[in-house]
Amino acid sequence: MNDDPITLCPLLSRNVEIFRERLGAPLNADVIVRRFRSGAFESAVLAIDGMTDSREVDENILKPCMELPPSAGEEVPPCERISFLMSHAVAILPMKIKENIDEILADALSGQSVLISEGCAVASVMDTRGFEKRTIGRPEAEQVVLGPHESFSEAIRTNITLLRRIVQREELITEFVTAGGRMKTRCALLYLRGTADEAMVARIRGRLERCTYDFALTTGEVEQIIEDHPYALIPQCVHTERPDRAASFLAEGQIVVLTDGSPAALGAPATLWHQLHTPDDTSMRWQYGTFLRIVRFLGVIIHLFLPGAYLAVLRFHPELLSPILLTSVYETSSRVPIPVYLEALLMTLAFDLVGEAGLRAPGAMGNALGIVSGLILGQSAVSADIVSPLLLIIVAASGLGGFCVPGYALNVGFKIIQLLFLTAGAFGGLYLMALLLLCLCCGLCAMQSIGSPLTAPVTPRRAGNPDILLRFPLKFQKARAFFARHRS
């Protein structure tokens with residue numbers, strides 16, 4: 001049983017002993033505890049090797065404190081010795097005064113330095129992070145033709161700086177929240193005060209603080225903590241790796257969630273329309289953006305419904321096809337030894353397999369692997385009479401439509417829905433597909449994102465910018481999003 005106190009005690013040796021025990025020193029070689037003389041009393045610095053900037057600790061903490069005269073701080077009460085060092089020696093910004101041991105240890109493990117003194121039951125936590133991090137690069141999943149080409153990195157402070165460089169407003173607020181159980185993860189909530197709804201900010205903050213999962217390390221895991229419907233196929237937050245898009249979320253009244261160690265941001269609350277938009281839509285003139293959105297919307301429809309509609313027409317509604325086309329389909333299908341539903345299911349899964357293999361393959365090999373695999377599998381399957389040529393065209397067209405979906409998470413959800421429509425078309429025709437579509441639409445309309453309707457402002461009807469499917473000129477884009485806080 002751990003009998004360590006929750007807060008620091010005035011004895012320096014006892015505090016150092018607690019830190020060493022909790023961090024496993026001296027077995028843990030990364031733990032650095034440096035005791036030294038600071039004027040008329042003794043102090044100690046706690047840090048984790050490799051996580052802190054050792055030069056900054058030496059120049060701005062150890063050296064100024066050790067160079068104090070031997071009589072410095074004699075008249076200072078013991079409980080104020082940390083404040084004395086902060087005022088007369090230490091030259092680091094920012095810093096916080098804390099007394100909770102668990103919080104101090106969590107800060108030290110994140111790369112900050114801890115200064116404690118004899119007779120003082122509080123510690124100074126200073127930001128001296130100096131670990132290696134990836135430089136700002138180009139977006140991988142959200143590449144654009146027009147617009148900036150910067151992406152988030154794994155360092156949360158760098159990501160906040162990227163956002164503040166774009167949103168240079170005094171109303172931009174940054175709150176740090178710790179999520180997780182045994183393994184803490186530092187998250188940052190960014191929002192515009194007076195624009196974002198305070199109730200939604202408090203809802204996200206509360207869900208993160210109440211998180212008891214041991215592992216919540218990435219943005220995807222944080223999304224699962226704050227979402228309203230964990231069993232839904234449609235994501236309820238928007239993932240982005242682009243600072244400019246995250247800045248647009250802030251302007252609309254959304255809350256941006258950053259996670260330390262994750263090169264992506266979450267925008268919440270979000271709507272389904274946010275997830276179907278891309279940064280290029282707003283970077284281009286409104287006519288071009290509207291045209292691309294219509295093409296993207298048609299691609300989504302083809303992706304979801306085309307395979308299922310093909311099976312439904314072929315098995316239950318052949319009268320919808322011309323006799324010549326129907327004869328050609330039956331002629332090619334007669335040589336295939338497996339049922340048409342199993343044929344379509346295998347080809348759809350094979351297309352997804354090729355896409356996943358191309359995504360996971362390293363570097364330029366991925367593109368070549370996807371193209372070559374598709375050509376070889378398709379040609380070989382038709383030559384061996386395993387699939388009919390028309391079905392191969394249907395599956396390929398549906399797969400191309402899936403590439404129009406902007407977000408990877410939304411794309412995976414649509415693939416599952418595509419299989420549901422494929423099964424409905426094979427066993428119930430267009431009528432069962434229509435019934436399934438009605439059920440999915442009802443469920444979608446009932447879903448919420450952080451308490452906000454997922455399908456608004458279309459249903460329920462809400463006031464907002466004319467920027468859903470058709471994008472009107474910028475002079476009409478003046479209203480805030482419906483979930484933002486509107487001044488009376």
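This briefing describes selected helices, loops, cysteines and peptide bonds of the structure above. The structure is a predicted model. Two of its helices, H13 and H16, have axes that come within 10 Å, and the structure holds zero disulfides.

**Helix H13 and its contact with helix H16**

- Two packed helices are described by the angle between their axes and the distance between the axes.
- Helix H13 covers residues 340-360 and helix H16 covers residues 408-446; their axes come within 10 Å and cross at roughly 170°.
- Because angles over 145 degrees count as roughly antiparallel, H13 is roughly antiparallel to H16.
- On the H13 side, the contact is made by Tyr341, Ala344, Leu345, Thr348, Leu349, Asp352, Glu356, Leu359 and Arg360.
- On the H16 side, the contact is made by Tyr408, Lys415, Gln418, Leu419, Leu422, Thr423, Ala426 and Phe427.
- Sorted by class, the contact of H13 with H16 has 10 nonpolar, three polar and four charged residues.
- H13 has 21 residues, and the distance from its first C-alpha to its last is 30 Å, close to the 30 Å expected at 1.5 Å a residue.
- The buried residues of H13 include Val340, Tyr341, Glu343, Ala344, Leu345, Met347, Thr348, Asp352, Val354 and Gly358.

- Helix H5 spans residues 156-166, and Ile156, Thr158, Asn159, Ile160, Leu162 and Leu163 are buried in it.

**Cysteines**

- A disulfide is a covalent bond between the sulfur atoms of two cysteines.
- The structure holds zero disulfides.
- Cysteine 187 is in no disulfide, and the nearest cysteine sulfur, that of cysteine 211, is 8.6 Å away.
- Cysteine 187 has a relative accessible area of 0% and is therefore buried.
- Cysteine 441 is also in no disulfide; the nearest cysteine sulfur belongs to cysteine 445 and is 6.4 Å away.
- Cysteine 441 counts as partly exposed, because its relative accessibility is 36%.

**Peptide bonds and backbone angles**

- Proline 26 lies in the loop between helix H1 (12-23) and strand E1 (31-38).
- Proline 460 is placed in the segment after strand E12 (452-453).
- Isoleucine 450 has a phi near 55°, which is a positive value in a residue other than glycine.
- Isoleucine 450 belongs to the loop between strand E11 (448-449) and E12, and this residue is buried, with a relative accessible area of 1%.

- Threonine 52 sits in the loop between strand E2 (41-48) and helix H2 (54-66).
- At 11% relative accessibility, threonine 52 counts as buried.
- Leaving aside residues up to four places away in sequence, threonine 52 touches Ala47, Gly111, Gln112, Ser113, Thr128, Arg129 and Gly130.
- Serine 110 is in the loop between helix H4 (101-109) and strand E4 (113-117).
- Serine 110 is buried, with a relative accessible area of 18%.
- With residues up to four places away in sequence not counted, serine 110 touches Met51, Arg129 and Phe131.
- Serine 110 and leucine 306 are 196 residues apart in sequence, and their C-alpha atoms are 50 Å apart in space.

- Proline 69 lies in the loop between H2 and helix H3 (81-88).
- Its relative accessible area of 46% makes proline 69 partly exposed.
- Proline 69 touches Gly39 and Ala40, when residues up to four places away in sequence are not counted.
- Proline 69 and glycine 147 are 78 residues apart along the chain, and 57 Å separates their C-alpha atoms.
- Isoleucine 386 occupies the loop between helix H14 (365-383) and helix H15 (389-402).
- Isoleucine 386 is partly exposed, with a relative accessible area of 43%.
- Not counting residues up to four places away in sequence, isoleucine 386 touches Val336, Ile338, Glu343 and Ala381; of these, Glu343 is one of the buried residues in H13.
- From C-alpha to C-alpha, isoleucine 386 and tyrosine 191 are 55 Å apart in space, and they are 195 residues apart in sequence.

Key
Residues are numbered from 1 along each chain as its sequence is written. This is a predicted model: local features need pLDDT of at least 70, side-chain atom pairs count only at pLDDT 80 or more; totals for chains, interfaces and linings use all residues. Side-chain values use heavy atoms; hydrogens and water are left out. Axes are lines fitted to C-alpha atoms, for helices over the stretch in contact, and angles run from 0 to 180 degrees between N-to-C directions. Helices (H or I, at least four residues) and strands (E, at least two) are DSSP runs, numbered from the N terminus. Angles under 35 degrees count as roughly parallel, over 145 as roughly antiparallel, 65 to 115 as roughly perpendicular and the rest as oblique. Contact means heavy atoms within 4.5 Å. Ala, Val, Leu, Ile, Met, Phe, Trp, Tyr, Cys and Pro count as nonpolar, Asp, Glu, Lys and Arg as charged, and the others, Gly among them, as polar. A disulfide is a pair of cysteine sulfur atoms within 2.5 Å. Buried means under 20% relative accessible area, exposed over 50%, partly exposed in between (1.4 Å probe, protein chains only). The expected span of a helix is 1.5 Å times one less than its number of residues.
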